[in-house]
Amino acid sequence: MSSYNRIAGGSVERMAALSDGVFAVAMTLLLLDLHLPAREAIHNDRGLLHAMAGLAPQLLVYLLSFLTLGIFWVGQQTQLNHVERSDRNFSWIHLAFLFAVTLMPFSTRVLAEFAEFRAALVGYWVNILLLGVILYLSWGYASKARLLRADVPPEVPAAICRRILIGQGLYAVGALLCALNTYWSIAFIVLVQLNYAIAPRLWRRSLK
């Protein structure tokens, strides 16, 4: 390995800062794809409520994608919090992860416009799969290349891998449901997202 490759991409802090920016832009683009009803088509409160009700499928897909990005942002930050240093390969793995993040607004738009088509749902699931696979590979590389902090508890590596694998398994089940109905798939994936984002907190509160 050349001397440049040994010193390139060594800052975990810069990687985290770049990731925060990319996630913020991707989340903002999700909202920009939501469009208000045409003003000339609205003449009263009933017409406005009817038009807003027509936006419900797009709002559901927006919620789905916002939760998706939020969950993967938390997952990436969890990994980076346990990494002491980076290297060139680790940086490029995370750049690949961020590339998958930038695809999310596009796959979300396709799903929102063609929610009744299986191809749109499968394309969206492939985007989630890509995020999960790259995040799993990044953790595996960090462990193998000894980039982790020395004080990482022994149960953490297995817990992170298990979290990713279980999540991807549930997403795959949701994708398979499109064979019956694409809206069942969307609803199932939303429930999975809500479980990861909300339910664990509720369980912890109930245990107190």
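**Entry 1: α5 against α6**

I looked up the handedness of the α5 and α6 crossing and found it left-handed (the near helix is turned anticlockwise from the far one by less than a right angle; clockwise would be right-handed). The model is predicted, with local features needing pLDDT of at least 70 and side-chain atom pairs pLDDT 80 or more, while totals for chains, interfaces and linings use all residues. Residues are numbered from 1 along each chain as its sequence is written, and side-chain values use heavy atoms, leaving out hydrogens and water.

I then took the geometry: the axes of α5 and α6 come within 9 Å and cross at roughly 165° (axes are lines fitted to C-alpha atoms, for helices over the stretch in contact, with angles from 0 to 180 degrees between N-to-C directions). α5 is therefore roughly antiparallel to α6 (angles over 145 degrees). I sorted the residues of this contact by class and got 20 nonpolar, six polar and no charged (nonpolar is Ala, Val, Leu, Ile, Met, Phe, Trp, Tyr, Cys and Pro; charged is Asp, Glu, Lys and Arg; the others, Gly among them, are polar).

**Entry 2: L130**

I found L130 in helix α6 (helices are DSSP runs of H or I, at least four residues, numbered from the N terminus). L130 counts as partly exposed because its relative accessibility is 33% (buried is under 20% relative accessible area, exposed over 50%, partly exposed in between, with a 1.4 Å probe and protein chains only). Leaving aside neighbours within four places in sequence, I listed A100 and L103 as the contacts of L130 (heavy atoms within 4.5 Å). I also checked A96, which is 34 residues from L130 in sequence and 9.4 Å away in space, C-alpha to C-alpha.

**Entry 3: the core**

I looked up the largest nonpolar core, which has 47 residues (buried Ala, Val, Leu, Ile, Met, Phe, Trp, Tyr and Cys joined through side-chain atoms within 4.5 Å). L69, F72, F97, V101, L111 and Y171 touch the most other members. Helices supplying at least two residues each include α2 (12-32), α4 (56-81) and α7 (156-176). α6 gives the largest share, nine residues.

I noted a positive phi of about 60° at R146, although R146 is not a glycine. R146 is in the loop between α6 and α7, and counts as exposed because its relative accessibility is 72%.

Buried residues make up 37% of its 208 residues.

Notes: Angles under 35 degrees count as roughly parallel, over 145 as roughly antiparallel, 65 to 115 as roughly perpendicular and the rest as oblique.
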